[in-house]
Amino acid sequence: MPMASPSSSARSDGSISTPLGVWGAVLAGPAALLALAAAGGANTTAAVPLALISGVTGYVLARRVLTRSVDSVAPAPAPALVDQPPPFGLILETLPDPLMVIAAEEADDLTGRRFVFANAAARDLFKLQPRGGLLVSALRSPQVLEAVDESLFGGVRRSVDYVGGGAQGREWAAHCAPLGVDERGSRLALLILSDETDARRSERTRADFLANASHELRTPLASLSGFIETLRGHAKDDVGARDKFLGIMQAQAERMARLIDDLMSLSRIELNEHIAPLGQVDLAMATIDVLDALTPQAKDKAVTFDPVLPPRGAAVVEGDRDQIVQVIQNLVDNAIKYTPRDGVVRVEIFSGLTADMAAAPRDPAAARMSLLTPDHAVEERYASLWVSDRGPGLAREHLPRLTERFYRVEGQKSGERSGTGLGLAIVKHIMNRHRGGMTVESVQGEGATFGVYFPMARGAGD
């Protein structure tokens with residue numbers, strides 16, 4: 001039986017379509033037998049079954065040939081895709097350092113510098129919108145703007161220092177580099193900020209520690225050296241003088257130990273000052289713990305506490321509990337020192353305050369100063385702690401210097417009130433790390449009140 005040359009195509013579902021030429025070849029044999037039977041050249045009874053058998057057999061054979069033909073010309077599988085790098089915009093977006101692409105047309109148009117791209121770190125630092133905007137609206141440092149201009153129109157690379165605004169004052173190294181001209185004719189430059197706060201604060205802390213320690217330790221070391229020389233000389237057999245000198249030497253040694261502890265504590269706080277703490281602390285419960293711990297010290301001076309505290313859970317703040325306890329302890333310890341015998345130290349906590357309410361004056365007649373003002377959002381709420389003593393108070397001229405290292409008011413540098421002069425400096429740096437504030441009010445002859453306020457934890461009740 002004649003067969004046509006097979007030609008077929010595969011449908012989208014994988015089945016095979018049979019061409020018309022193949023159908024013609026399959027039906028030719030049965031058609032010839034039926035024609036002969038009709039003309040009388042063949043037996044009709046035998047011709048019809050033979051025609052059907054011939055047609056079915058031809059169809060089966062044709063399908064097999066077509067299947068082999070399609071398999072032989074099937075396309076080879078597509079090669080695996082080669083790994084492509086991610087888009088550069090995605091890479092820049094996820095960099096931890098703030099990065100901006102600056103565009104400008106005219107050198108004389110100082111307000112025409114605009115950022116056409118700012119990654120997530122830059123938008124978070126400068127509070128930018130992703131669609132771009134004027135550079136001067138985000139960055140106003142003359143040194144950085146000058147460096148950007150030199151890269152845009154001078155084609156040079158520049159690196160300058162940049163100190164960010166706000167209470168924390170983070171320090172950056174700003175690197176500028178030219179990027180050429182885009183398709184619209186705008187000149188482009190790249191600005192990258194590298195955070196060097198930790199390294200520079202570490203250098204300053206090390207230098208300050210050496211300078212402050214050498215200065216403050218010189219006096220007690222000189223005293224110890226003099227007493228040792230005296231005890232080894234003419235007073236070595238004087239029992240009364242020996243006991244007296246040994247007591248003074250012990251007091252000086254304890255002062256040096258406190259000084260070193262405070263210096264180390266201050267150094268640790270300064271190193272992490274720009275990193276906000278993540279914990280949550282119940283300010284009232286922390287205050288109760290401090291008052292319990294200082295009760296023996298207060299009894300020795302016949303001083304009593306007058307706490308005014310909210311219920312548990314009403315003043316939950318964001319912070320590091322150990323550092324918050326250190327703030328409360330330093331303030332209450334100072335109040336005990338300067339309160340006369342049989343006096344009262346008042347400790348108050350209020351919650352759900354705005355920044356203005358937390359820093360508002362309490363006594364209109366008192367000399368007052370804000371020692372630390374935080375950067376805050378309008379909706380931020382604070383919990384405040386106020387510690388009041390009934391001591392001699394402070395003159396107005398002393399208030400601005402209270403948080404300086406080793407600053408002590410004249411007449412309070414010796415005796416039972418002597419300290420290291422670092423307590424309020426530690427309080428200020430802890431409050432700065434906690435994005436809080438600090439104030440002082442004083443009336444000479446009537447006492448002083450120190451206030452600190454912390455941001456409340458999200459979801460905390462008023």
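Helices (H or I, at least four residues) and strands (E, at least two) are DSSP runs, numbered from the N terminus. By this assignment the protein has 11 helices and 16 strands. The model is predicted, so that local features need pLDDT of at least 70 and side-chain atom pairs count only at pLDDT 80 or more, while totals for chains, interfaces and linings use all residues. Residues are numbered from 1 along each chain as its sequence is written, and side-chain values use heavy atoms, with hydrogens and water left out.

Of the 462 residues, 41% count as buried (under 20% relative accessible area, with exposed over 50% and partly exposed in between; 1.4 Å probe, protein chains only).

Helix α8 spans residues 283–300 and has 18 residues. The distance from its first C-alpha to its last is 26 Å, close to the 26 Å expected at 1.5 Å a residue (1.5 Å times one less than the number of residues). A bend of about 45 degrees occurs in α8 at L294 (the angle between axes fitted to the seven residues ending there and the seven starting there), and the proline P296 follows within four residues. L294 is among the buried residues of α8, which also include L283, M285, V290 and L291. Their cover includes β9 (280–282), α9 (321–338) and β12 (344–353). After α8 comes A302, with a positive phi near 60 degrees.

E273 lies in the loop between α7 (239–271) and β9. E273 is buried, with a relative accessible area of 6%.

Notes:
Contact = heavy atoms within 4.5 Å.
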